[in-house]
Amino acid sequence: MPVDFSGTWNLVSSDNFEGYMLALGIDFATRKIAKMLKPQKVIEQEGDSFSIQTTSTFRSYFVQFKIGDEFEEDNKGLDHRKCKSVVTWDNDKLVCVQTGDKKNRGWTHWIEGDQLYLVFS
């Protein structure tokens with residue numbers, strides 16, 4: 001049985017986040033604000049069904065998906081991309097592949113100890 005991601009997770013640190021935002025074409029002012037935020041992520045998992053709510057003082061984002069099912073994702077308020085996404089298990093990691101206007105995008109989540117990790121690609 002895969003790992004249970006359910007819980008409330010708080011940002012501890014971020015590395016090269018501004019570089020990632022720059023690659024996505026996010027404007028200067030938004031990048032400067034986003035770098036200072038400490039968002040909170042609430043994940044609810046029931047088997048292979050997930051809902052993820054990310055909140056901060058600047059913007060919030062909500063996504064729901066089922067492992068292996070493609071879904072439309074609107075990143076309005078983030079980088080303004082619309083894409084199709086598929087999340088799969090890679091051992092105990094959640095791996096999202098996004099297809100759309102900007103190529104080779106996605107993310108990977110995993111848990112080590114009591115910390116949730118997120119890497120954008």
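Biologist: Which side chains meet K84 in a salt bridge, and at what N to O distance?
Modeller: K84 pairs with E72, at 3.0 Å from N to O. A salt bridge here is a side-chain nitrogen of Lys or Arg within 4 Å of a carboxyl oxygen of Asp or Glu.

Biologist: What should I know about the model itself?
Modeller: This is a predicted model, where local features need pLDDT of at least 70, side-chain atom pairs count only at pLDDT 80 or more, and totals for chains, interfaces and linings use all residues. Residues are numbered from 1 along each chain as its sequence is written, and side-chain values use heavy atoms, with hydrogens and water left out.

Biologist: Back to K84 and E72. Where do they sit?
Modeller: K84 is in strand β6 (residues 82-90) and E72 in strand β5 (residues 71-74). They are 12 residues apart, so the text counts them as distant parts of the chain. Helices (H or I, at least four residues) and strands (E, at least two) are DSSP runs, numbered from the N terminus.

Biologist: Is E72 buried or exposed?
Modeller: E72 is exposed, at 59% relative accessible area. K84 is partly exposed, at 35%. The cut-offs: buried is under 20% relative accessible area, exposed is over 50%, partly exposed is in between (1.4 Å probe, protein chains only).

Biologist: How many salt bridges come out by this rule?
Modeller: Four.

Biologist: Which residues are linked in a network?
Modeller: E18, R31, K32 and K35 are linked by salt bridges.

Biologist: How far apart are the closest N and O atoms of K32 and E18?
Modeller: They are 2.7 Å apart. K32 lies in helix α2 (residues 28-36) and E18 in helix α1 (residues 17-23), so this pair ties together parts 14 residues apart in sequence.

Biologist: And what is the figure for K35 with E18?
Modeller: For that salt bridge the closest N and O atoms are 3.0 Å apart. K35 is in helix α2 and E18 in helix α1, 17 residues apart.

Biologist: How accessible is E18?
Modeller: E18 is partly exposed, at 21% relative accessibility. K32 is partly exposed too, at 29%, and K35 counts as partly exposed at 41%.

Biologist: New topic. What does UniProt place at residues 7-24?
Modeller: The unreviewed UniProt entry puts "domain: Cytosolic fatty-acid binding proteins" there. UniProt positions follow the numbering used here, feature names are shortened, and annotations may be inferred rather than shown by experiment.

Biologist: What is the make-up of that span?
Modeller: Residues 7-24 are 39% helix and 22% strand, with the end C-alpha atoms 29 Å apart.
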